[in-house]
Amino acid sequence: MAVKISVQHVSKIFGSKPLKILQDLTAHFDKSLVMKETQHVVGVHDATFEVNEGEIFVIIGLSGSGKSTLIRCLNLLHRPTGGEILIDGQNICDFSPKKLRELRRHQIAMVFQNFALLSHKSVLENVSYGLTIRGEVKAASQFKARQMLLMVGLDGYENEPISALSGGMKQRVGLARALANDPEILLMDEAFSALDPIVRREMQFELLKLQQQLRKTIVFITHDIQEAFKIGDRVAIMKDSKIVQIGSPEEILTKPADEYVERFITGVDRTQILTVRSIMVVPSCLIQMRSGPNMAIQEMKRNGVSSAFVIDHDLKLSGLVTLQDALKAIAEKLSLAEIINREVIQVEPSTTVSDLVPLAAQSAYPIAVTEEGRLLGIVTKVAILSTLG
Ligand SMILES: Nc1ncnc2c1ncn2[C@@H]1O[C@H](COP(=O)(O)OP(=O)(O)O)[C@@H](O)[C@H]1O
Ligand SMILES: [Mg+2]
């Protein structure tokens, strides 16, 4: 996967002598003490991360933790006090004003929480505005703007004044405007935070839908952990100007870096995020297809189970055999192939626990986890129950 944005040891200090303060700062600085003693604010300290092409990278943290400061460094709305920001391998801190303008017009777009729309202009004008100022002819910009409005579900609203729109619709305009420039990178600073919960969920869904089509590199800021986990491929958690953990939602849920992160994730619906991959186990008892019913019975007895999955030579799942059926096979002189239950429930490792629960409820046996027919592991009901608790 190609790295699109590389952030290396970026710090941003606000005040009159930021460089001096940064030099004196230790890794365990106390932000309020620095403020009191030096009248400088540490906005971000030593942030390092990479965002891959086509990824949604979410930054989450409490208010004042440095999220906006950090995202504003990515297009140099804030110039970092220290560190480097590379886009496609180029250090943008070294860009000339002209190159920087090009970058902002063509490569990066930003969506803001307060929409930042031109309220006296129409929906269409708001979306085409950026295209016009970068020199495209009016007809072409308007054509493009209409396409964008169609994409975000606002066709028919072209001539409405911004003031006539609801919050959710305004943010759709904001999104259409950002996408109109066809940027490779989309920066979204609490873009959905001002919307009420139902509209907010609609917009989250809308963004994911658009992303499937567009594959932009997106940096998305929120203070809502549910939102972060819902839309983020990876999530960075900030605390007091520092990044304390970066990982996929599942990694963060299963291995929280510290108590702070643990507190942050309490209340999250784990079943929506945890996948079968993190709760499956290697089956203790596996039967080879070539074994006879006698051997199958011995195997099951040795492992203390009353049923087992049957695999063929290259680990392909063939079915399930029960102790009872194996005994019947001996009595009726049948082979394993003739008695196994081939209708076993199979899931992929990426299935979420919430999708697994109804399947498990239907099944009297553990669930088989397979990839292209190959058995990778099993999920027991006990394992499922323990994630619900
Ligand atoms: N322009 C600025 N001048 C001085 N301090 C600032 C400025 N912008 C942000 N800060 C401070 O930097 C810290 C991080 O702020 P911010 O990045 O806005 O946090 P968040 O977006 O996570 O709520 C806060 O303490 C804030 O007061
Ligand atoms: Mg902010």
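These questions and answers look at helix packing and ligand contacts in a predicted model.

Q: At what angle do the axes of helix α5 and helix α7 cross?
A: Helix α5 covers residues 123–133, and helix α7 covers residues 167–180. Their axes come within 8 Å. The crossing angle is roughly 25°.

Q: Are α5 and α7 roughly parallel or roughly antiparallel to each other?
A: Their axes cross at roughly 25°. Angles under 35 degrees count as roughly parallel. Therefore α5 and α7 are roughly parallel.

Q: Which residues of α7 make the contact with α5?
A: α5 passes α7 in a right-handed crossing. On the α5 side, the contact uses Val-123, Asn-126, Val-127 and Leu-131. On the α7 side, the residues are Val-173, Ala-176, Arg-177 and Ala-180.

Q: How far apart are the axes of α7 and helix α8?
A: Helix α8 spans residues 197–214. It packs against α7 at an angle of about 20°, so the two are roughly parallel. Their axes are 10 Å apart.

Q: How many nonpolar residues are in the contact of α7 with α8?
A: α7 brings residues including Leu-175 and Leu-179, and α8 brings residues including Val-199 and Met-203. The contact has 2 polar and 3 charged residues. The nonpolar residues number 7.

Q: Which residue places a polar side-chain atom 2.9 Å from an oxygen atom of ligand 1?
A: The residues around ligand 1 include Gly-64, Gly-66 and Ser-68. Gly-64 has a polar backbone atom 2.7 Å from a ligand oxygen, and Gly-66 has a backbone N or O atom 3.0 Å from one. The side-chain contact at 2.9 Å comes from Ser-68.

Technical notes. Residues numbered from 1 in each chain as written. Chains lettered and ligands numbered in written order. Predicted model: local features only at pLDDT ≥ 70, side-chain atom pairs only at ≥ 80, totals over all residues. Heavy atoms only, no water. Axes fitted to C-alpha atoms, helices over the stretch in contact; angles between N-to-C directions. Helix = DSSP H or I, 4+ residues; strand = E, 2+ residues; numbered from the N terminus. Parallel < 35°, antiparallel > 145°, perpendicular 65-115°, else oblique. Left-handed = near helix turned anticlockwise from the far one by under 90°. Contact = heavy atoms within 4.5 Å. Near = heavy atom within 4 Å. Polar contact = N/O pair within 3.5 Å; in protein donor to acceptor, adjacent residues only side chain to side chain. Nonpolar A, V, L, I, M, F, W, Y, C, P; charged D, E, K, R; others polar.
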